[in-house]
Amino acid sequence: MSLVNFTTREITCKIVYYGPGRSGKTTNLHYVYGRVPEARRGRMVSLATQTDRTLFFDFLPIDLGEISGFATRFQLYTVPGQVYYNATRRLVLQGADGVVFVADSQARQLDENLESLQNLQSNLLELGIDIRTLPFVLQYNKQDLPRELILQAADLDDALNFRGVPSFPGDALHGRGVFETLKAISELVLKRLSAGSTA
Amino acid sequence: MTAALNPKFSFETFVVGAANRLAVTAGRAVAENPGTAYNPLFIYSGSGLGKTHLLMALGQGAKKLLPHLNIEYLTLDEYVEAFHAAVAAGQGDAFRRRFQNVDMLLVDDVQFLTNRKEMQAELLRLTEALQTAGHQIVLTSDRPPAEIADLDERLISRFSGGLVVDIGAPDYETRVAILRRKAEERRAKFQPGVLETVAAAEFQNVRELMGALNRLVAYQAVNDVPLNAEGAKQLLGLSATARAGGPAATAAPSGDEFGAFLHDVTVTVGKAVEAWRARVAEAVLRWEGEGYRTQRLEALLEQEAPAGVDDVIAGFARDAERLKALEAEVAALDPGAAGQSLFRDPDRLADAEAAAERVRAGAAPPPGPSGAFPLAAYAVGRSNEVAVSAARAVIEHPGKRYNPLVLTGKSGLGKTHLLNAIGLELAKAPGAIVACLSTQAFIDELIAAIDGNRMDWWHARYRQATALLLDDVHLMAGKDRTQEELFNLFNLFQDDERQLVFTAPQHPNKVTGLEPRITSRLEGGLVAELAEPDRAVRRTVLERLLAQQQIAPDAALLDYVADRPVDSVRALVGVVQRVIGAAAAQDQPVTAGLAREVLEGQPAEQGRRTGGFRTSGLVVSSLGGIRSREKMAWDWPDPVDRIVEELR
């Protein structure tokens, strides 16, 4: 998908929320959905097949209107977190302009986080995308849980953020960190405009 | 009542940045071409971002270019007040007239239309009137039309019908530029870094920014000590916002998270879309808006780093302006030739120049012969063989044998047919330009050319023709100027051995109202008369008509009808139509017996059919009394005749 089309003067950003099951990806989208004025957002779609539910994801289109003469649209997707939906994850990842990795801050979920992160990497590799060049941010969700259950942002940085990308502690349920994360990934994605590149 | 335009608010004092460039460009376009570029222009932005400044700059820009322009600037409140005062004074109509005569209406703060139904209706009427008259309207608001609460749908669509642009909050670079310019205006000098520090504070609008600057200026004026960056920060209560490394500290969600997000994205896009791309996109928007094709500019956008972008844009603008001038010139000469897509494509400037040159040279070819009259379809017999053989001679040796050839004869004998047939044959020669038209059309064009002060063009148009064929030349009687022009053309054509053909109902010397010099010239070639159709002609025409109706010719029928005397081919056509119509009405084959019955009024032998039938477009019911011949439209003109009438 072309990120920026100078001919039709459109900017379309596809941002994928990735992460282990139940880490709060859909909650992120729900919070954004609630904050976007009605005229700016499309219907939030959650797709599921009637038969085996192997293909399902959330989709939230946001229309930011005309910016610098460009009709600007954001498309937010989540992938299914559960391990066995990998085909769907790869499908959703296709053409992504940026990825938000939503990690579960609970200490006992650390392995799931790592596994999902590795899965992301291998899926990107299969799609021929180098994670080092793809706009990528981390969100450490569920920071509102009792301190004894969760890892602190600094510890999670040590465990997950080995590329030193921007990271944000979050509480998607109450909205903390949701827009900071979205803002950060948007900026990374949009900065690639200057190269005139397509993702 | 109407606020004057503040001279401080001009385009020159407006600091342009990524967030407002589109609005400024649109504003300039409107100031340069009021009523044509974008009408209405609707500018919206948050408070303090320069709506009013831009609106006034637009008015002043237009005034500078066109000093006679009647420009009215007012806020919506002033408009409402004026309206109420006028209504109270019983001057409602005068008020309307006053605003309908404004060339450029600038209305500030139209968001206050909310809950003012009568003003909305008034403004709708005014907008309609101004737009119809091609007068410019510019409106500003703090939100787009669709978001103004309780606004009439028709107003929304009207406001959105032109161009709706927004002014975003200035980005960092623009803020620095604004601060520098304002500081300069106040002759205030600051240490390096001070203005940049203020700019970095992300004030939401320019007014707040000005407030901060004012405080700095005031402080420095009182204290006599130059302020440094740190001092400025403290003075304005700006704390250090530098982010520590590691995970960023995130604040609790604030009110308008989406608004803040949108603002950030806007700033990022503004920075990220390279300046040249923005300039190109603007140029594309502008010229596209004026209806020009912009592939040349769009091609730039597909390149990574094209060289000389500004030269290309300037070149494009030059070409487009040239096209505009060409189109205007062509429109003055020949309204029919303007409006071609050619004049909207700067990449085909050379073609457009050539087209304009052709129009200038009158190369828009004069009207040609009608394709409905081929020579092959002309029935030949003794009655017209002289004329036809003369026509053939003319076709074979145009300008050399019979020049001019004048075809005379009564109406309906085929003069027009033969004239057009000659024209069609002549036009087959390579490079031939055959002017073939009715004298009436010739006169009308001449009058239009005199009226439009473009006689040169008219002369050129006809002088380039290789043959001139005029139908019904007697219509020129009493029209001195036309005869004068024809006289000149006549001489030119004869000298160059270019063919002239005319038709007239009588011998030229019997036509009254023609000047002797014209009459003698018409007589000087060959005057060939078309007589009433002889039997051979009648029979040929008859066969052709029956063939057209897919009726097998019956020898007895052909003989019977061909033997009937008719005075013109057109009358013969009428006779045949009657017979065919009657046959269809009675559901009988076309036979000599039937023809005799129809034409001589003998009773038919066959029984009548009942029911409705369709005959050449007429629905005939045999149940009613409509069988009576007098009441039937038997002489419905056939298609050829109808075409002749439309041509005239």
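Which residue just after α22(B) takes a positive phi, and of about what angle?

A: The residue is Gln550(B), which follows just after α22(B) and has a positive phi of about 55°. Before going further, a word on the model: it is predicted, so local features need pLDDT of at least 70 and side-chain atom pairs count only at pLDDT 80 or more, while totals for chains, interfaces and linings use all residues. Residues are numbered from 1 along each chain as its sequence is written, and chains are lettered from A and ligands numbered from 1 in the order in which they are written.

Let's look at the helix itself. Helix α22(B) runs over residues 535–548 of chain B; here helices are DSSP runs of H or I with at least four residues, strands are runs of E with at least two, and both are numbered from the N terminus. Its 14 residues reach 20 Å from the first C-alpha to the last, close to the 20 Å expected at 1.5 Å a residue. That expected span is 1.5 Å times one less than the number of residues in the helix.

Which side chains of this helix sit inside? The buried residues of α22(B) are Val537(B), Arg538(B), Arg539(B), Val541(B), Leu542(B), Leu545(B) and Leu546(B). A residue is buried if 20 or more other C-beta atoms, placed from the backbone, lie within 10 Å of its own, exposed if 12 or fewer do, and partly exposed in between. An α-helix has 3.6 residues a turn, so residues three or four places apart point the same way. The buried residues of α22(B) pack against α23 (555–563) and α24 (569–586) of chain B.

Take the first of these partners. The axes of α22(B) and α23(B) come within 9 Å and cross at roughly 130°, where axes are lines fitted to C-alpha atoms, for helices over the stretch in contact, and angles run from 0 to 180 degrees between N-to-C directions. The two helices, α22(B) and α23(B), are therefore oblique to each other: angles under 35 degrees count as roughly parallel, over 145 as roughly antiparallel, 65 to 115 as roughly perpendicular and the rest as oblique. The crossing of α22(B) past α23(B) is right-handed, meaning that the near helix is turned clockwise from the far one by less than a right angle, with anticlockwise giving left-handed. On one side stand Arg535(B), Arg538(B), Arg539(B), Leu542(B) and Glu543(B) of α22(B), which meet Leu558(B), Val561(B), Ala562(B) and Asp563(B) of α23(B). Two residues are in contact if their C-beta atoms, placed from the backbone, lie within 7 Å. The residues of this contact of α22(B) with α23(B) divide into four nonpolar, no polar and five charged; Ala, Val, Leu, Ile, Met, Phe, Trp, Tyr, Cys and Pro count as nonpolar, Asp, Glu, Lys and Arg as charged, and the others, Gly among them, as polar.

Helix α1(B) (residues 21–32) and helix α2(B) (residues 51–65) have axes that come within 8 Å and cross at roughly 30°. That makes α1(B) roughly parallel to α2(B), and α1(B) passes α2(B) in a right-handed crossing. From α1(B), Ala23(B), Val24(B), Gly27(B), Arg28(B), Val30(B), Ala31(B) and Glu32(B) meet Leu54(B), Ala57(B), Leu58(B), Gly61(B), Ala62(B) and Leu65(B) of α2(B). The residues of this contact of α1(B) with α2(B) comprise nine nonpolar, two polar and two charged.

Positive phi angles turn up elsewhere too. Asp472(B), not a glycine, has a positive phi of about 55° and sits in the loop between β8 (467–471) and α20 (480–495) of chain B. Asp472(B) counts as partly exposed because it has 19 C-beta neighbours inside 10 Å. Glu497(B), also not a glycine, has a positive phi of about 55°; its place is the loop between α20 and β9 (499–504) of chain B. With 12 C-beta neighbours inside 10 Å, Glu497(B) counts as exposed.

Loops also hold cis peptide bonds. One joins Asn39(B) and Pro40(B), with omega of about -5°, and Pro40(B) lies in the loop between α1 and β1 (41–45) of chain B. Another runs from Asn403(B) to Pro404(B), with omega near 0°.

Finally, step back to the whole chain. Chain B comes to 26 helices and twelve strands, and 38% of its 648 residues are buried.
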